[in-house]
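Have the structure open as you read.

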Amino acid sequence: MRIFRPKVRAYSTASLFSFRAPFSVSSSASLNQRQGGVALISVLLIVAILVALSTQLLSNHNLVVSQHQNSFEQDQALQYAYGAEELTRQLLFDDFSISGAGVDNLQETWAQPVLPFKLDEVGYIEIQVKDLNGCFNVNSLMGVAGADNLAGLKRLFQNLQVNPGLADQIKDWVDIDQNVTGFGAEDTVYLGLTPPYRTANQPMRHISALFLLHDIEAEDIRVISSHLCVLPNSANVVNVNTANASLLYSLDGEISNQIALGLAESERSFVNVEEFIDANPAFTIVAPQLSVTSEYFEMQAKVQVGESTVSIASLFFRNTDTGKVILLQRDFAKIFQSKVVVDIDADS
């Protein structure tokens, strides 16, 4: 009987502890380099993100600072504009209480434009005051003397070389009926426009309503707007001391352009209507419409602070008995036209 004996292979101690390393030294160094490269890229990405965030935060910060600065400058300019209103109110009251309540003319302090002057080294302001009893009140077309005033407005437009038919359109816009006046227009015309709308059939509130009239050009408005005003009454009282030549000429057909121009170019300071009529008998027929004092004034001011500009037009009423001055309206959309003339020497 054979006995099975398994063969046992002998190993030496050296062979037991000798094994092949899974990675060589060169592959380990390559791995370390790759890991170092990944770490460097990660650091660069983090730095790039931080730089981008810092840039965005700085940009937002600068934007916020600019917005706050602009807002502050705008508010500051607005406060200076309100200050111009208070200055005008004081000038008008002083004129009533000190200079005399019965007469207003263009030689008085309120009528002198305030030339641009600096505001604490941050900007400048310019102020003008206009007598609105020296222009034509468009709301007078709906009063008891509407027909006479309409004829006067047509003469005014003719003198300004503007289509006199526009006066009929203004009349139909402010009167309370739907009867078409001459070359005017009522709802039958306006409802056919695109988009359609109706006539106001009530007093104008703002001179910009002229843009709503049928078939009127922007150039016409540019020419006539400085001669027209919108007052909260239906009277057309004209101050002979402040009215311009075109308005004086429009008062009556017997008044020549030469007479009107001569008056407008003179320094008028008539103390009453009777004195004016004695000196200018051509105005006798319109004497009830004349005055030497004014109730309504418009202040225009332009304020610039830094990069912010505010233009304001404020309507004032001054009581002819007490001298109290009341602010009736503010308009921030009216374009300010400076009266300052800069003479530039061509040789300089």
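## Helix α3 and its neighbours

The buried residues of α3 pack against β3 (136-137), α4 (165-174), α6 (218-224), β4 (228-229) and α7 (245-250). Contact here means heavy atoms within 4.5 Å, and buried means under 20% relative accessible area with a 1.4 Å probe, protein chains only. Among those buried in α3 are Asn149, Leu153, Arg155 and Phe157. Helices (H or I, at least four residues) and strands (E, at least two) are DSSP runs, numbered from the N terminus.

Just so you know, this is a predicted model: local features need pLDDT of at least 70, side-chain atom pairs count only at pLDDT 80 or more, and totals for chains, interfaces and linings use all residues. Residues are numbered from 1 along each chain as its sequence is written, and side-chain values use heavy atoms, leaving out hydrogens and water.

## The nonpolar core

Leu153 and Phe157 turn up again in the largest nonpolar core, which has 43 residues, as two of those with the most contacts inside it. Such a core is a set of buried Ala, Val, Leu, Ile, Met, Phe, Trp, Tyr and Cys residues joined through side-chain atoms within 4.5 Å. The largest share, 5 residues, comes from α4.

Leu228 is also on the list of those with the most contacts in the core. Not counting residues up to four places away in sequence, Leu228 touches Cys135, Phe136, Val138, Leu153, Leu156, Phe157, Ile207 and Leu210.

Key: Buried means under 20% relative accessible area, exposed over 50%, partly exposed in between (1.4 Å probe, protein chains only).
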